[in-house]
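Biologist: Could you walk me through this model and tell me what stands behind each label? I would like to set every term against its cut-off.

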Amino acid sequence: LVVDTLEDLTSNALDAGMNWSPSFTEFRNEIRANRPLISFIPGHSRTVAGYTRSGLPWLSPFRGLLVYDPWPPNVGVITRWENFDTQTYRVTFNAHLTLV
């Protein structure tokens, strides 16, 4: 439904996709290409628009995502860094501009 809606609302100017097993690499690649993603976690959705990695590779480095999430209303933090390795990501949606 989300994929169809994104494509319908843009008269197919966007080619949307869905991934049921999102990886940190997918987030990184889409963000590097200037394409924020819609991310679903249990019971909620939000936008992911940035990433970071820090620490030494052999010591389980921090892999963070910059999340835009106003939930709950009037209380939620609009922008925050989230630890990719401690959150359950159910599905992501992305969209690529196509020439029409």
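Biologist: Why does Tyr 51 count as partly exposed?

Modeller: Tyr 51 has a relative accessibility of 25%. Buried means under 20% relative accessible area, exposed over 50%, and partly exposed in between, with a 1.4 Å probe and protein chains only. The value for Tyr 51 is therefore in the partly exposed range. Keep in mind that this is a predicted model, where local features need pLDDT of at least 70, side-chain atom pairs count only at pLDDT 80 or more, and totals for chains, interfaces and linings use all residues. Residues are numbered from 1 along each chain as its sequence is written, and side-chain values use heavy atoms, with hydrogens and water left out.

Biologist: Thanks! What makes Phe 24 and Tyr 51 an edge-to-face pair?

Modeller: Rings of Phe, Tyr and Trp (its six-membered ring) pair if their centres lie within 6.5 Å; planes under 30 degrees apart count as stacked, over 60 as edge-to-face and the rest as tilted. Here the centres are 6.1 Å apart and the planes make 80°, so the pair is edge-to-face. Phe 24 sits in helix α2 and Tyr 51 in strand β3, 27 residues apart, so the pair links distant parts of the chain. Helices (H or I, at least four residues) and strands (E, at least two) are DSSP runs, numbered from the N terminus. A search of the whole structure finds 6 aromatic pairs, and Phe 24, Phe 27, Tyr 51, Phe 84 and Tyr 89 form one aromatic cluster.

Biologist: How does α2 lie on the strands?

Modeller: Helix α2 (residues 24–32) lies across β1, β2, β3, β4 and β6, running at about 90° to β3. Axes are lines fitted to C-alpha atoms, for helices over the stretch in contact, and angles run from 0 to 180 degrees between N-to-C directions. Contact means heavy atoms within 4.5 Å. Helix α1 (residues 2–9) lies across β1, β2 and β6, running at about 170° to β1.

Biologist: And the sheet: which strands are at its edges?

Modeller: The open sheet of 6 strands has the order β1-β6-β2-β3-β4-β5, with antiparallel pairing. The edge strands are β1 (14–19) and β5 (79–83), each pairing on one side only. The twist averages 35° from one strand to the next.

Biologist: How do you know that β1 and β6 pair?

Modeller: Two strands pair if DSSP finds at least two bridges between them. β1 and β6 have 6 bridges in the antiparallel sense, so they count as paired. One partner of β6 is thus β1, and β2 and β6 also pair in the antiparallel sense, over 3 bridges. Within these pairings, Gly 17 has Asn 94 as its bridge partner in β6, and Ser 39 stands opposite Thr 92.

Biologist: Is Asn 94 buried or exposed?

Modeller: Asn 94 has a relative accessible area of 14%, so it is buried. Leaving aside neighbours within four places in sequence, Asn 94 is in contact with Asp 15, Ala 16, Gly 17, Glu 26, Glu 30 and Leu 37. Its strand, β6, is mostly covered: 5 of the 7 residues there are buried.
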